[in-house]
Amino acid sequence: MKPAPFTRHVPRTVDEVVSALAEFAPLDGRILAGGQSLVPIMAFRMARPAHLIDINEVEGLDRLAVDGDYLSIGARVRHGAFHKPVIDGPLGKLLAFVVSHIAHYPIRMRGTFCGSLAHADPASEWCLVAATLDANLVVKSVRGERIVPVTDFLEGIMSTSLAEDEFLAEARLPLLPDDTKFGFYEFSRRAGDFAMSAALVTYRLVDGLIADAHVGIGGAEDRARRITEAEDVLNGQVPSPDLFVAAGEAAANAIEPLEDIQTTAEYRCDLVRAVTRRALERSTQ
Amino acid sequence: MTIHTKGTGTTWVGRSIRRLEDPALVTGRGRFTADMPATHWVRFVRSSVAAGTIENITAPGGAGTVTAKDLAKLKPIRPMLSKFNYVAVGQPILADGVVRFTGESIAAVYAPSKDQAEDIADQVEVEISEGAPLIDAMDALAEGAPLVHADTKHNVIVEGRIATPGFEDVWKTAHKVLHVEARSHRQNATPLEARAGHASYDASTGRVTLTCTTQMPHLTRTAVCDILGIPESDLRVVAPDVGGGFGQKMSLAPEYVLLVWLARKLRSSVAWTEDRRENLIASFHSRDQHVQLEGAFDKSGKLLALRGDIVANIGAYSCFPTTCGVEPLMALAELPGPYDVRAYDCRSRGVMTNTCPMAPYRGVSRPVITFVLERLMDKAAAAFGIEPTELRRRNLIDKFPYTSATGLVFDDGSYKETMEMAIKAIDLDAFRKRQKIARDAGRYLGIGLATFSERTGYGSPAFAARGMEITPGFETVYLTIDPSGFVEARIGSSPHGQGLRTSLAQIIADEIGIDPEFIKVVHGDTDRSPYGWGTFASRSLVLSGGASLLAAQKIRAKLLKMASHFLEAAPEDITLQSGSAHVIGTDRSVTIASMARAAYHQTHIFKGEIEPGLTETGTYDPSGTFSNACHVAIVEVDIETGRVEMEKFLVAEDAGLIINPMIADGQVHGGVAQGIGNALLEEIIYDETGNILTSTLADFLPPTTHEIPEIELHHIETLTGNSITKAKGLGEGGAIGAPAAVISAINDALSPFGISIDEMPATPQRIRAALRASGKLPSNGKLA
Amino acid sequence: MSDKTDITLTINGQSHAIRVESRRTLADAIREDCGQTGTHIGCEHGVCGACTVLVNGEPVRSCLMFAQQADGKQIRTVEGLADGDEMHPMQRAFMENHGLQCGFCTPGFLMLAVGVLEREPDISDHDLVDVLSSNLCRCTGYQNIIKAVRAAAVEMRQS
């Protein structure tokens, strides 16, 4: 299973990346970052890009730092960077907890956060994180830069709003207030497999009541997104097992479930119900 | 005689010595087929449709291409069986006019590199007029279904029936009748090394050496030469280091025939490495069966009669050499399992469909029939209101030899003892208490057990009974001490992970007094090894072990005779140990190495009493033996998602005398892991057009460390008279019992819901669907 | 067909000057262009881990990297674990504990375990076993692989 032939380009600066994209994207050119998703697809010859723009040597794209009120994640930042919390506070812990569910250790040495977003697999954990936390994505091309909210970025299965000649240079995750609670739960057949459903929840408690609830569901629909119906169930309420059940029910009813030969819509909803409730249970621990 | 032992002692046999195979493998010096360079690399162009007529094949100009018309002089692969109305079907090396399964090879292209071969293969255009494919065996049996091969009726390629006299009369006396309708889904053995072949032509001799991932080098040689119409002396087959087989690599791959043919044509070296997608789609599959089983029990829970109907989906062609009858007919013969039941009526059919051909996979049919039979026994236990173990106690065979209703003769075993040992070790009472507490808290733990027999180490008498055209069975070993004093044992078995280089060396070492590290076991090369049957069916340790022992006994006798000459003592006063012969009670000794030297270079001193040289042959061909075990699984079922977590697995096994406990345990571990995968995860899924949806390792799911719990092992050694080393085989046992134990545990966990999980794998989706259908799920998502 | 590029793969401290197409994976380059066949290919789509090698100390799936991407990096494979005749503790532990049967997945497990333990000597037992879920084995049922890696971890921490 060898890939079809291609020409590899190795830009050293962001300007070189976007120039290469402008020239080669129309000729079936793509970005190569971690390669952990793209190379298998090329091995199966399901994708046969004639040009690969390898960004692994580009200066500055490996930056991971706090800029004001968000965490800036450059295109070359690998999953493995998040194994230990990268910042103090709930966001660092949340990312470290989620990353241990992503594939396996050697994949995490190479695969990138931004690569996951650009690949837009509905089961991607980072897409779920980005969707739940209202990330902003910095997209660059020869025409300049635009900041795209995640809800406009993720469009469907393996599909984003990136134009052919644009690349995702940076993801910006809003920092979380210190008193933010979070919970994450994923269901997959084996450890490290693609999530059949996953839930990420964050909220704060104000006078003992849930405030600013974010409930994100991934793996269950054509893209990860926040489920406002579930958030509405939670906001203003005292956390309790019954409340969490109700939130799960709301999420399950709100989604348009992905179906396949093994997974019926009903089962997918069962999973959403369970992962939502369990993510909420984890948030109290 | 039954011994409970851990296998220590002053002999080599019984010790967990480190494997002689390992130093090369852990340093990356193993030699696997894909490691060899070649001048030409072959890529197969495979059908993307399951059934149809080939209208046209267009290859890019200048490309090296082979199609069926180039192979017109070659015979098809056509294994034969003389029983049970078997219809002989042939498989062409490349599809000839029609395709019968997705993945069938239509053409072969070759190029200087694998990359280029794949580029060319991509450009080959094949036009096929598609027909309507048959995927499920039940559809293939239906009235009016198209025929996969013209010669069969209703796509039935083989139909066996066993019915004991007076069956209906016994059936009528039943106090209770229980019924199971079970479904086992398609498996792929998935060895980590996919298949590969390398054929190189030697211009000076005109011979080809085929290096390939086979479990049966000699039979591969015979078969390839038959098909090509060339003398066997023109072909050497070498199985080098092989990365797992599990049966998938014992059946003849048409690809190997193509490689040898092409090597001869090009007078060069040609090679093929199967990729993982090819292996999942077009290598051999197994265990796609529908089984119906009914059992009639008397008032005390004694099993009186079994009635069965087995439908095995055997795919589009018949595997060589066993034929595709191997699954349905082994199921037919062994369905009664380890229980004493005298009345038996069973029909078993092998049905052809437009799917990948089926071939043996570790345990063959026994993982399936054990699962079904154990479901029946569990249901009966529930119907009688007794523990499943108690029902087994009333039915397991315990007097030997025992001749089953199907004519199998069971030698000494410990069926009841291993069960008692297992439940004591797991502490069944303590588990039941824990289970109750968990249930009250809304958690569903379950315990399941499986008791079963494992037929092993049988020779040609047993194979002859099957009616195959080719009767495998015997094994030969050539044992030589050369003038250097070192030992070489050339064997006809073909191990690929089973540690035979070590365990056979241990057997030989005890007999001839030379330490195992100086004994080299040579296998896999038809130019060096005696004609043998390779490694499959849990046979090699028994058969090659027995042959090694016989040869070693002859060597021993000769050494003692020589030593008696050198030491001027009677042979019975001489011992052989650690490379020396010495007179007991004295310090008189002579090295075996010097005696070996003398046997070649000083023959005159023996005055014609001893033949020159030091090589002896042993051949062993026993009737066979049965191992037994009890498997216990503890699981937790998450009723919200249907997911099953393995908490623990325990085995109490009896495989006779254990030659190397560490190696034996490793076989059980590996089999159990595959059995757990079978029960919970692994399934080859076809869509209705005959395309395989599980064509990557992200879709077909072998277990990782996370899915396999701690496996606790306990041992009994019942020394059988049916194996001269007293060892029985045990390579398949882990895979035979584990699926049944896991499914049993799931059903035990879910017994409050009144459902029956009778399908493997028991995926979360299937379990959840059954729970929903029960109507007994707690509402509002609450657990209790 | 794309043009070939000259690169140097430094494997176990030895330089190999080779000429490869862009699409040549690191796994194929190690095995065929550099003749080090101890690294095995089990799936070519990044799931089984048989092809695991260390690149600049990190365990990676060499079937998912292109050889050109490893130009100038330090690559370690199974052939480089032993120090002459002196086996690495991980190799000894696999032999002592019967952590291999057919040996095909073994180089991948050895490099994965060595790589992770070198990077994180104080990794918890729980996390170490979790890391081992990265690779597939069909022969051993994992029991003895886990036992071997645990034993080697103890020895590696002591030295």
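In the predicted model, 28 residues of chain A are in contact with 36 residues of chain B. The area buried between chain A and chain B amounts to about 2700 Å², and carbon and sulfur atoms contribute 52% of it. On the chain A side, the residues that lose the most area to chain B are Met1(A), Arg189(A) and Arg190(A), which together account for 26% of what that side buries.

Charged and polar pairs were then examined across the boundary between chain A and chain B. The search returns 10 salt bridges across this interface, and it also returns 18 residue pairs in polar contact, both partners having pLDDT 80 or more. Helix 9 (241-254) and helix 10 (265-283) of chain A each provide at least two residues of the side that touches chain B, and helix 10 of chain A gives the largest share of that side, eight residues. By residue class, the side of chain A that touches chain B comprises 13 nonpolar, three polar and 12 charged residues. In one salt bridge, Arg45(A) is paired with Asp119(B), with the closest N and O atoms 2.8 Å apart.

Over all chains, the whole structure contains 91 salt bridges. Among them is the pair formed by the side chains of Glu640(B) and Arg277(A), which meet at 2.4 Å from N to O. This pair joins two chains, because Glu640(B) lies in the loop between strand 27 (625-638) and strand 28 (643-654) of chain B, whereas Arg277(A) belongs to helix 10 of chain A. Both Glu640(B) and Arg277(A) are buried.

Salt bridges are also found within chain B. Glu374(B) forms a salt bridge with Arg392(B), in which the closest N and O atoms are 2.8 Å apart. Since Glu374(B) lies in helix 9 (residues 366-384) of chain B and Arg392(B) in helix 10 (residues 388-393) of chain B, the pair ties together parts that are 18 residues apart in sequence. Glu374(B) is buried, with a relative accessible area of 1%, and Arg392(B) is likewise buried, with a relative accessible area of 0%. In a further pair, the side chains of Lys648(B) and Glu712(B) meet in a salt bridge at 2.5 Å from N to O. Here Lys648(B) lies in strand 28 of chain B and Glu712(B) in strand 29 (residues 711-718) of chain B, so that the pair ties together parts 64 residues apart in sequence. Lys648(B), at 18% relative accessibility, counts as buried because the cut-off for this class is under 20% relative accessible area.

Ser494(B) is located in the loop between strand 21 (487-491) and helix 14 (500-512) of chain B, and at 2% relative accessibility this residue counts as buried. When residues up to four places away in sequence are not counted, Ser494(B) touches Thr214(B), Gln215(B), Pro217(B), Ala239(B), His523(B), Gly524(B), Gly534(B) and Thr535(B).

Chain C is assigned domain 1 (4-80) and domain 2 (89-158), whose C-alpha centres lie 21 Å apart. Between these domains of chain C, 18 residues of domain 1 are in contact with 16 residues of domain 2, and the two bury about 1300 Å² between them, 61% of it on carbon and sulfur atoms. Two salt bridges are found across this domain interface, together with five residue pairs in polar contact. Strand 3 (52-55) and strand 4 (58-61) of chain C are the elements that give two or more residues to the side of domain 1 that touches domain 2, and the residues of that side divide into eight nonpolar, seven polar and three charged.

Terms used:
Residues numbered from 1 in each chain as written. Chains lettered and ligands numbered in written order. Predicted model: local features only at pLDDT ≥ 70, side-chain atom pairs only at ≥ 80, totals over all residues. Heavy atoms only, no water. Contact = heavy atoms within 4.5 Å. Buried area = accessible area lost by both parts, 1.4 Å probe. Salt bridge = Lys/Arg side-chain N within 4 Å of Asp/Glu carboxyl O. Polar contact = N/O pair within 3.5 Å; in protein donor to acceptor, adjacent residues only side chain to side chain. Helix = DSSP H or I, 4+ residues; strand = E, 2+ residues; numbered from the N terminus. Nonpolar A, V, L, I, M, F, W, Y, C, P; charged D, E, K, R; others polar. Buried < 20%, exposed > 50% of the residue type's maximum accessible area, 1.4 Å probe, protein only. Domains from an automatic or database assignment.
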